[in-house]
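Good morning, and thank you for coming.

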Amino acid sequence: RIPTENELNAEFISWTGGSNSLGAYGSPLKLPLAGARLRSTGVLGNVGSHGYYWASSVNGINIRFLSFNNSSVSMYSDNRAYGFSVRCIKGN
């Protein structure tokens, strides 16, 4: 299943390699800087510089996602039409 916002928050808090792309790739989930498919054009953007991973938590008409780059990591909300990555986890 796709992790919730709380599960993704707990994941990035546990990163020992740093609160950035190094911690993301060093984590058990091995999250790369995959970029995203833009909602307006379908073009891939930010490949190699940003990682965007959907959570299963919705926020009104938007959905929560984890975003990171070489210097930071945070949770945001945005339109579901973006093509962000998913990393499934084992359900309970």
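I shall go through the sheet, then the charged pairs, then some individual residues.

A word on the source: this is a predicted model, in which local features need pLDDT of at least 70, side-chain atom pairs count only at pLDDT 80 or more, and totals for chains, interfaces and linings use all residues. Residues are numbered from 1 along each chain as its sequence is written, and side-chain values use heavy atoms, with hydrogens and water left out.

Let me begin with the sheet. Helices (H or I, at least four residues) and strands (E, at least two) are DSSP runs, numbered from the N terminus, and two strands pair if DSSP finds at least two bridges between them. The open sheet consists of three strands in the order β3-β4-β5, with antiparallel pairing. The edges are taken by β3 and β5 (73–79), each with a single partner strand, so one side of each has no neighbour in the sheet. From one strand to the next, the twist averages 30°; here axes are lines fitted to C-alpha atoms, for helices over the stretch in contact, and angles run from 0 to 180 degrees between N-to-C directions.

Within this sheet, β3 (residues 51–59) and β4 (residues 62–68) run antiparallel and are joined by six bridges. Tyr52 has Ser67 in β4 as its bridge partner, and Asn59 is bridged to Asn62 of β4. The two strands form a hairpin with two residues between them, and Gly60 in the turn has a positive phi of about 65°.

Which residues does Leu66 touch, beyond those up to four places away in sequence? Leu66 belongs to strand β4 and is buried, its relative accessible area being 0%. For this term, buried means under 20% relative accessible area, exposed over 50%, and partly exposed in between, with a 1.4 Å probe and protein chains only. With sequence neighbours up to four places away not counted, Leu66 touches Leu8, Phe12, Trp15, Leu31, Gly51, Tyr52, Tyr53, Val73, Ser74 and Met75, where contact means heavy atoms within 4.5 Å. Leu66 and Asn9 are 57 residues apart in sequence, and their C-alpha atoms are 8.1 Å apart in space.

I turn now to the charged pairs. Side chains of opposite charge can pair when their charged atoms come close. A salt bridge is counted when a side-chain nitrogen of Lys or Arg is within 4 Å of a carboxyl oxygen of Asp or Glu, and by this rule there are two.

One of them links Arg64 with Glu5, with 2.8 Å between the closest N and O atoms. Arg64 lies in strand β4 and Glu5 in helix α1 (residues 5–13), so this pair ties together parts that are 59 residues apart in sequence. Both Arg64 and Glu5 are buried. The other salt bridge is between Arg1 and Glu7, where the closest N and O atoms are 2.6 Å apart. Arg1 is partly exposed at 39% relative accessibility, and Glu7 is partly exposed at 28%.

What does the side chain of Ser57 reach? Ser57 is in strand β3 and is buried, with a relative accessible area of 19%. Its side chain reaches the backbone nitrogen of Glu5 at 2.9 Å. Such a polar contact is a pair of N or O atoms within 3.5 Å; within protein, one must be able to donate a hydrogen and the other to accept it, and residues adjacent in sequence count only if both atoms are side-chain atoms. Apart from neighbours within four places in sequence, Ser57 is in contact with Thr4, Glu5, Ile63 and Arg64.

Finally, the loops. Asn69 is placed in the loop between β4 and β5 and counts as buried at 18% relative accessibility. The side chain of Asn69 reaches the backbone nitrogen of Ser72 at 2.9 Å. Residues up to four places away in sequence aside, Asn69 touches Asn20, Ser21, Leu33, Ser49 and His50.

Most residues other than glycine have a negative phi, and most peptide bonds are trans. Lys30, not a glycine, has a positive phi of about 50°; Lys30 is in the loop between α2 (21–26) and β1 (36–37) and is partly exposed at 41% relative accessibility. Asn46, also a residue other than glycine, has a positive phi near 60°. Asn46 is in the loop between β2 (44–45) and β3, and is partly exposed with a relative accessible area of 39%.
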